[in-house]
Amino acid sequence: VFFTGHGAAGDGAAQSRAALSPASAPEDILRAQLLAHLTATALAAEPGSPMAFFRTSMTEPERLPGTWLPTMPEDLLKMAQDVMGGRWYTCPNGHPFYVDLCGRPTRIQICPDCGSQIGGGE
């Protein structure tokens, strides 16, 4: 729930959840101010500006598949591989693990995330 002390999400009371009163918590008032400012700024954004992404997410979300948020980093595993060399593999349960410059997981190890056996046979 975006604002505290109001109905649960999906109960049809969206307007009452966004309503503020003199008894509203300071956090709720700040959230409302932030949301109003972000909404106004995004709707007024010029095409091609950094805020245009947020306008699109509010008014035309169907155009967003395959896009990235402006602050999201690239693939972290790829970035680490580029810096360290070597290669990334995954355990049988999909957890990534790194093998240094030799490039082949020749020693049997245990995945630190799930305990599966990794390496050795590949």
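**Layout**

Modeller: Read along the sequence, the pattern is α-α-α-α-β-β-β-β. That gives four helices and four strands in the chain. Keep in mind that this is a predicted model.

Biologist: What share of the chain is buried?

Modeller: Buried residues make up 20% of the 122 residues.

Biologist: And how much accessible surface does the chain have?

Modeller: About 8900 Å². Carbon and sulfur atoms account for 60% of that surface.

Biologist: What about contacts between residues at least 24 apart?

Modeller: Take the contacts between residues at least 6 apart in sequence; 10% of those join residues at least 24 apart.

Biologist: Switch to the strands. How do strand 1 and strand 2 run?

Modeller: Antiparallel. Strand 1 covers residues 87-90 and strand 2 covers residues 96-99, with four bridges joining them.

Biologist: Which residue is the bridge partner of Arg87?

Modeller: Val99, in strand 2.

Biologist: What sits between the two strands of that hairpin?

Modeller: Five residues. In this hairpin, Gly94 takes a positive phi near 90 degrees.

Biologist: Now packing. Which residues form the largest nonpolar core?

Modeller: Six residues make it up: Tyr89, Cys91, Phe97, Val99, Cys111 and Ile118. Val99 is also the residue that bridges to Arg87.

Biologist: What does Ile118 touch, leaving aside its neighbours within four places in sequence?

Modeller: Ile118 is in contact with Cys91, Pro92, Phe97, Arg107, Ile108, Gln109, Ile110 and Cys111. Cys91, Phe97 and Cys111 are also members of the core.

Biologist: Over to helix 3. Which of its residues are buried?

Modeller: Helix 3 spans residues 52-59, and the buried ones are Ala52, Phe53, Arg55 and Thr56. Seen down the helix axis, they fall within an arc of 160 degrees, so they line one face of helix 3.

Biologist: What covers them?

Modeller: The cover includes helix 2, residues 26-43.

Biologist: Tell me about Thr56. Buried by how much?

Modeller: Its relative accessible area is 12%, and the cut-off for buried is under 20%, so Thr56 counts as buried. Not counting residues up to four places away in sequence, Thr56 touches Pro61, Arg63 and Leu64.

Biologist: How many aromatic pairs are there in the whole structure?

Modeller: A search finds three. One of them is Phe53 with Phe54, an edge-to-face pair at 5.5 Å centre to centre, with 85 degrees between the planes.

Biologist: Is Phe53 buried or exposed? And Phe54?

Modeller: Phe53 is buried, at 17% relative accessible area. Phe54 is at 29%, so Phe54 counts as partly exposed.

Biologist: What geometry do Trp88 and Tyr98 have as a pair?

Modeller: Tilted. The ring centres are 5.4 Å apart and the planes make 55 degrees.

Biologist: Which parts does that pair tie together?

Modeller: Trp88 lies in strand 1 and Tyr98 in strand 2, so the pair links parts that are ten residues apart in sequence.

Biologist: How accessible are Trp88 and Tyr98?

Modeller: Trp88 counts as partly exposed, at 24% relative accessibility. Tyr98 is partly exposed too, with a relative accessible area of 25%.

How values were computed: Residues numbered from 1 in each chain as written. Predicted model: local features only at pLDDT ≥ 70, side-chain atom pairs only at ≥ 80, totals over all residues. Heavy atoms only, no water. Pairing = 2+ DSSP bridges. Core = buried A, V, L, I, M, F, W, Y, C linked by side-chain atoms within 4.5 Å. Buried < 20%, exposed > 50% of the residue type's maximum accessible area, 1.4 Å probe, protein only. Contact = heavy atoms within 4.5 Å. Arc of directions from axis to C-beta. Phe/Tyr/Trp six-rings, centres within 6.5 Å; stacked < 30°, edge-to-face > 60°. Areas by Shrake-Rupley, 256 points an atom, 1.4 Å probe, with all protein chains shown as cover.
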